[in-house]
Amino acid sequence: MNNDIERVLFSQEDIQEACRRLGAQISRDYEGKKPVVVGVLKGAILFMVDLIKEMDIMTEVDFLDVSSYHGGVASTGSITLNREIETDISGRHVIIVEDIIDTGLTLQYMLNYLNAHHVASAKVCTLLDKPEGRKVTAKADYVGFNVPNEFVVGYGLDYQEFYRNLPYVGVLKPDVYSE
Ligand code: 5GP
Ligand code: MG
Ligand code: MG
């Protein structure tokens, strides 16, 4: 599996440091607020686990499953809601935890979903941001790292459901796509 990686963009240590920084910032911003932290399945699971351990506040955790990729390396633009948030989020402060924001379409969809459920506030924390990929205006409030317009895998991010368990974020060798 590691042999399929052309280069590492963010090491395990880089990511840990980002989690510490974001966790501390969120803890300051939400002091006394008891937010609901909502991880977006499946890409955000590793980030979610490490991030919440760095948050020194009372929080609930839940998950939302939306997909827009369906196995390829480009966003399809049509978003499917596979699992709803179970927590009653009406009147609550919600923090969405994402793996990566590219076109912004998924984020736009989720923010509409949160508004429709009358949340008190909605913010987004993403491990990675690809600002060049935007098709709609959608901004993350907390960002781990910016990435260039390249397809990345690891630390939760998949290519055809594999590579999620890599402890770092990297770029696949081109021949992996053509196999
Ligand atoms: P968007 O709707 O912003 O275009 O895309 C959001 C979702 O597409 C992300 O949550 C992620 O699951 C997937 N995605 C976008 N860029 C990448 C990438 O470079 N690598 C992987 N593995 N998934 C990506
Ligand atoms: Mg995602
Ligand atoms: Mg995917």
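Me: Is Val94 buried or exposed, and why?
Reply: A residue is buried if 20 or more other C-beta atoms, placed from the backbone, lie within 10 Å of its own; it is exposed if 12 or fewer do, and partly exposed in between. Val94 counts as buried because it has 25 C-beta neighbours inside 10 Å.

Me: What kind of model is this, and how is it labelled?
Reply: This is a predicted model, in which local features need pLDDT of at least 70, side-chain atom pairs count only at pLDDT 80 or more, and totals for chains, interfaces and linings use all residues. Residues are numbered from 1 along each chain as its sequence is written, while chains are lettered from A and ligands numbered from 1 in the order in which they are written.

Me: Where is Val94 found, and which residues does Val94 touch?
Reply: Helices (H or I, at least four residues) and strands (E, at least two) are DSSP runs, numbered from the N terminus. Val94 is in strand E5. Two residues are in contact if their C-beta atoms, placed from the backbone, lie within 7 Å. Leaving out residues up to four places away in sequence, Val94 touches Pro35, Val36, Val38, Ile89, Leu114, Val119 and Ala122.

Me: Which residues of H3 are buried?
Reply: They are Leu105, Thr106, Leu107, Met110, Tyr113 and Leu114. Their cover includes strand E3 (60-67), strand E5 (93-101) and strand E6 (121-129).

Me: How many residues has helix H3, and what is its reach?
Reply: The expected span of a helix is 1.5 Å times one less than its number of residues. Helix H3 (residues 105-116) has 12 residues. From first C-alpha to last it reaches 17 Å, close to the expected 16 Å. His118 follows H3, with a positive phi near 55°.

Me: Is Lys135 buried or exposed?
Reply: Lys135 counts as exposed, because it has 12 C-beta neighbours inside 10 Å. Lys135 sits in the loop between E6 and strand E7 (142-146). Not counting residues up to four places away in sequence, Lys135 touches Thr103, Gly104 and Leu105. Gly77 is 58 residues away along the chain, and its C-alpha is 9.5 Å from that of Lys135.

Me: What pattern does the protein follow along the sequence?
Reply: The pattern reads β-α-β-α-β-β-β-α-β-β-β-β-α. The protein has 4 helices and 9 strands. Buried residues make up 35% of its 179 residues.
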